[in-house]
Amino acid sequence: MNKMMPWFRILFLGLISLLGFNNDIFAQNTLVSPQDFTAFDTPNDAGGSVSLTWRVVPENNKPEVPYLILAATAPDGPWFEQTTLVNLKSDYPQYFGLSASNKLWSYCEITDFKQSLTDDNPKPITATTYFKLAVTDGSKTLGFSSVVSAMHQGNWFDASKINILIFVVIFSFVIMFFISLARKNPDLFIRRIPGLDAIEEAIGRATEMGKPILYLNGLDGMGSLSTIAATSILGKVARKVANYDSQIKVPCRDPIVMSVCQEVVREAYLEAGRPDAYNQDNIFFITDDQFAYAAAVDGLMVRHKPAANLYMGYYYAESLLLAETGAAIGAIQIAGTDSITQLPFFITTCDYTLMGEELYAASAYLSREPLQTGSLKGQDFTKGLIILILILGSLASTAGITFLVNLFKTF
Amino acid sequence: MDNTVLLGVWLAVGLTLFMYSFLYKDNVFFRFGEHVYLGISIGYIIVRVIFNNFINDLYKPLVEDRDYILIIPALMGLALYTRFFTRIAWVSRVIFAFIVGFGAGLGIPRTIAGGIFKQLEGVLMPLAAIKDGFFFNADGNFTLVNINSLIIIVGITSVLVYFFFSVEHKGVVKSVSRVGIYFVMIAFGASFGYTVMGRMSLLIGRCYDLIEFSSPKYYYASIVLLIMLILVFIIYEVVIKKGEVLKTNE
């Protein structure tokens with residue numbers, strides 16, 4: 001009997017564990033097959049991906065239940081495992097809007113076709129691809145969905161950005177309205193901007209001292225709005241320089257910006273009636289390396305000792321190197337930038353600083369042209385509108401109304 | 001030690017000291033360092049443009065992959081050079097107009113999305129938790145979460161008022177814009193302090209290298225070059241400049 005005891009114990013423990021295992025299987029059998037499985041081209045994208053969605057069912061919506069996605073190039077296979085998903089993604093407003101029912105759907109985006117789950121070199125999807133979805137317990141597949149297919153394509157219109165389009169259209173109409181108003185009444189009021197009044201003083205000082213004016217356009221290319229604003233201001237400054245018969249030097253970091261600046265300055269000299277005084281060599285390229293550019297401009301400052309330094313446009317870490325050297329040579333310095341991180345350095349080292357929006361207003365202030373004055377007025381109107389939205393939106397949000405917040409969602 | 005490493009160390013120390021010599025005044029060493037830096041950067045740009053842009057972005061796709069659409073941007077790029085020929089210089093202006101228009105078209109929606117919408121989305125927060133009491137959370141504990149929303153609203157509104165150009169800053173507008181400029185200056189102060197700390201860490205890193213390179217392992221590179229630099233400055237100031245002054249007086 002004693003010899004039989006270990007065998008009896010093993011048999012007994014085996015039965016117990018088998019019962020436990022069976023219980024586990026029963027628990028897992030409560031899982032249900034995926035429902036309403038759909039494949040379609042991912043909306044609002046440039047192509048390259050297919051989206052899969054299926055209905056969230058409470059039985060399967062557990063962290064320990066993985067879904068397995070299989071793909072094939074033909075409806076009857078062969079099927080290749082693509083990915084397993086445990087933490088299911090759902091509710092993607094950039095693709096499906098902000099509807100509350102989105103939460104009822106799981107979502108997965110497929111961009112590549114894999115030969116196996118561990119395939120490290122997947123190929124992009126190039127033809128109609130067939131998909132099916134399975135619920136697994138980690139080792140066994142417990143149910144398949146129906147087979148669905150889709151092919152991706154690029155979309156011409158990104159509907160998720162429609163709110164931006166509407167804003168741009170409204171903003172454009174507001175600006176056009178104020179431009180027409182400015183054409184009828186050219187004396188629209190613009191408040192005094194001290195930094196810009198000082199430009200005239202700086203040019204006068206440079207003329208009296210017989211020294212040049214150094215004008216920097218910032219470090220960004222023509223794609224940057226601040227560079228566009230800086231070149232616009234350059235035109236106005238160059239015209240005054242031409243009138244005073246002074247000299248302006250514009251070292252550039254970008255060859256395209258340099259060419260644009262040459263055109264702008266040439267045009268300004270023509271408008272001033274001094275085309276003979278224009279010297280193309282005064283607007284020159286240095287290098288596109290940030291600190292090499294800063295070192296060269298610093299060298300230029302200490303050797304040519306300009307009477308005035310104008311820093312307009314976007315700047316990075318070199319701002320203090322430039323402005324500090326300018327302050328050391330005793331030049332009158334005026335900066336204008338929307339680079340928030342560099343503004344403090346300009347404020348501490350320059351005589352006048354145009355902060356952010358003032359850079360964009362500068363051109364209108366200097367020229368008083370209806371086109372630019374109208375644009376500035378339109379911007380002011382939009383700022384007022386934003387203040388109103390801010391106050392109303394915060395109050396609505398406090399009351400639990402999210403309509404205004406949703407209007408400004410970006411993806 | 002490998003001679004090339006040693007040469008690299010001496011060059012690095014030398015050029016660092018040359019650039020720092022600008023703190024004394026503009027001098028021949030700084031000019032040498034500046035021009036070496038410029039020359040290297042321009043050489044690097046040319047190589048980068050040839051290999052990355054011309055060969056990889058244009059030549060290979062055009063010749064090997066027969067991607068003929070690239071002929072259009074290539075011609076547009078070439079058209080920029082027409083500005084060297086007076087009679088057809090207008091062609092380059094068309095291309096520049098395209099570049100500026102493209103930049104503005106790309107920049108405006110991005111600025112609206114990032115600069116207005118994203119900011120508004122983050123700011124349109126409840127001003128007070130009505131259900132739980134203004135300064136108290138669900139557990140009845142004191143919280144300043146809601147007062148943050150209020151500060152943000154007051155800050156943004158007053159800063160926007162400061163940037164109003166259509167209204168004279170007088171009376172109430174002046175007071176509100178003054179509050180706005182205080183907010184701006186507090187933000188700038190914080191940013192200034194943060195950036196200065198970052199710059200200090202860069203300086204410490206450079207000093208650390210100079211100290212390391214002053215060891216016998218590198219044949220006292222930092223010390224030797226620093227003494228040489230100082231000696232040259234002294235000789236220049238005391239002997240040569242004095243001689244020049246005497247000559248002028250004669």
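How many residue pairs are in polar contact across the interface of chain B and chain A? The rule finds 20 of them, with both partners at pLDDT 80 or more. Keep in mind that this is a predicted model.

**Size of the contact**
- Chain B puts 60 residues into the contact, and chain A puts in 65.
- Together the two chains bury about 5,600 Å² between them, with carbon and sulfur atoms giving 71% of that area.
- On the chain B side, B:Phe117, B:Leu124 and B:Phe165 supply 15% of the area that chain B buries against chain A, more than any other three residues.

**Salt bridges**
- There are six salt bridges between chain B and chain A.
- One of them joins the side chains of B:Arg93 and A:Glu263, at 3.1 Å from N to O.

**What chain B brings to the interface**
- Four elements of chain B give two or more residues each to the side that touches chain A: α2 (28-64), α4 (90-123), α5 (145-162) and α6 (171-212).
- The largest share of that side, 18 residues, comes from α4(B).
- Sorted by class, the side of chain B that touches chain A has 40 nonpolar, 10 polar and 10 charged residues.

**Cysteines**
- A:Cys108 counts as buried because its relative accessibility is 6%, under the 20% cut-off.
- A:Cys350 also counts as buried, at 9% relative accessibility.

Terms used:
Residues are numbered from 1 along each chain as its sequence is written. Chains are lettered from A and ligands numbered from 1 in the order in which they are written. This is a predicted model: local features need pLDDT of at least 70, side-chain atom pairs count only at pLDDT 80 or more; totals for chains, interfaces and linings use all residues. Side-chain values use heavy atoms; hydrogens and water are left out. Contact means heavy atoms within 4.5 Å. Buried area is the accessible area (1.4 Å probe) that two parts lose on being put together, summed over both. A salt bridge is a side-chain nitrogen of Lys or Arg within 4 Å of a carboxyl oxygen of Asp or Glu. A polar contact is a pair of N or O atoms within 3.5 Å; within protein, one must be able to donate a hydrogen and the other to accept it, and residues adjacent in sequence count only if both atoms are side-chain atoms. Ala, Val, Leu, Ile, Met, Phe, Trp, Tyr, Cys and Pro count as nonpolar, Asp, Glu, Lys and Arg as charged, and the others, Gly among them, as polar. Buried means under 20% relative accessible area, exposed over 50%, partly exposed in between (1.4 Å probe, protein chains only).
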